[in-house]
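Thanks for making time this morning.

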Amino acid sequence: GRQSTFAMIKPDAMSQLGSVLSELTEQRLKLRIAGLRLLQLTTAQARHLYNEHQERPFFKSLVAYITSGPVLALHLTGPGAVGRWREALGPTDSAVARTSAPNSIRAKFGTDKQINAAHGSDSVAAAHRELSLMFPEWDVSDRLPSL
Ligand code: CMP
């Protein structure tokens, strides 16, 4: 059914924003942009957004990367939006994406396993948490019947 997910165009892909948004709005994906914000994340916001990774060796580097420039935060809706957006992104590692999913967004716009062009929530629960964090002015729970 209708679902919401959180997407984020990362600093490395912002210079190709038009092309990334064209991929995102492809008819077959059936994703609609319900909200968007252009912002530069603070270190505190980045640490909150990625708190599930705080024990990972790459956490500091991830926070530095994601705060290095503006990002576009998006609230996407559509049937199976979480899975469809993850599918469109391809594997986390852009190099892997280029071999296993050459038409994916990370294959086309990403660099490596960290600098990978865009983010997508990995579950409905993560989507709810990330949307609440990045769109605090919205009462997300009140607007997302599938959550
Ligand atoms: P994202 O889908 O936003 O979720 C967590 C991010 O951490 C991921 O994309 C990458 O940018 C980064 N990441 C994941 N795994 C690694 C890794 N092994 N080394 C460095 N960065 C990583």
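Let me start with the residue classes: Ala, Val, Leu, Ile, Met, Phe, Trp, Tyr, Cys and Pro count as nonpolar, Asp, Glu, Lys and Arg as charged, and the others, Gly among them, as polar. By that scheme the shell around the ligand holds 2 nonpolar, 5 polar and 1 charged residue. Its members are His-53, Phe-58, Leu-62, Thr-92, Lys-113, Gln-114, Asn-116 and His-119.

Two notes on what you are looking at. This is a predicted model, in which local features need pLDDT of at least 70 and side-chain atom pairs count only at pLDDT 80 or more, while totals for chains, interfaces and linings use all residues. Residues are numbered from 1 along each chain as its sequence is written.

Now the layout. The protein has 8 helices and 4 strands, where helices (H or I, at least four residues) and strands (E, at least two) are DSSP runs, numbered from the N terminus. Along the sequence the order is β-α-β-α-α-β-α-α-α-β-α-α.

What is the radius of gyration of the protein? It is 14 Å, which agrees with a compact globule, because 147 residues would give a value near 15 Å. The radius is taken over C-alpha atoms, and the globule rule is 2.2 Å times the number of residues to the power 0.38. Along the principal axes, the C-alpha atoms fill a box of roughly 35 × 35 × 25 Å.

Contacts next: two residues are in contact if their C-beta atoms, placed from the backbone, lie within 7 Å. Among contacts between residues at least 6 apart in sequence, 70% join residues at least 24 apart.

On burial, a residue is buried if 20 or more other C-beta atoms lie within 10 Å of its own, exposed if 12 or fewer, and partly exposed in between, again with C-beta atoms placed from the backbone. Of the 147 residues, 34% count as buried.

In soluble globular proteins, nonpolar side chains tend to be buried together. A nonpolar core is a set of buried Ala, Val, Leu, Ile, Met, Phe, Trp, Tyr and Cys residues joined through C-beta atoms within 7 Å. Which members of the largest core touch the most other members? Out of 30 residues, they are Met-8, Val-20, Trp-85 and Ala-118. The elements giving two or more residues to this core are β1 (2-9), α1 (17-24), α2 (43-49), α3 (59-66), β3 (71-79), α4 (81-89), α6 (105-109) and α7 (124-134).

Take Met-8: not counting residues up to four places away in sequence, it touches Val-71, Leu-72, Ala-73, Leu-74, Ala-118 and His-119. Leu-39 lies in strand β2 and is exposed, because it has 12 other C-beta atoms within 10 Å.

His-119 sits in strand β4. The unreviewed UniProt entry annotates His-119 as "active site"; such annotations may be inferred rather than shown by experiment, feature names are shortened, and positions are given in the numbering used here. Is His-119 buried or exposed? His-119 is buried, because 22 other C-beta atoms lie within 10 Å. Beyond neighbours within four places in sequence, His-119 contacts Ala-7, Met-8 and Lys-10.

Lys-10 is in the loop between β1 and α1, and it is buried, with 22 other C-beta atoms within 10 Å. Arg-106, in helix α6, is buried with 26 such atoms within 10 Å. With residues up to four places away left out, Arg-106 touches Leu-89, Gly-90, Pro-91, Ser-94, Ala-97, Asn-116 and Ala-117.

Last, backbone angles. Ala-117 is not a glycine, yet has a positive phi of about 75 degrees. Ala-117 lies in the loop between α6 and β4 (118-120) and is buried, with 26 other C-beta atoms within 10 Å. Lys-30 has phi near 55 degrees, also positive in a residue other than glycine. Lys-30 is in the loop between α1 and β2 (32-39) and counts as partly exposed, with 13 C-beta neighbours inside 10 Å.

Notes:
Near = placed C-beta within 6 Å.
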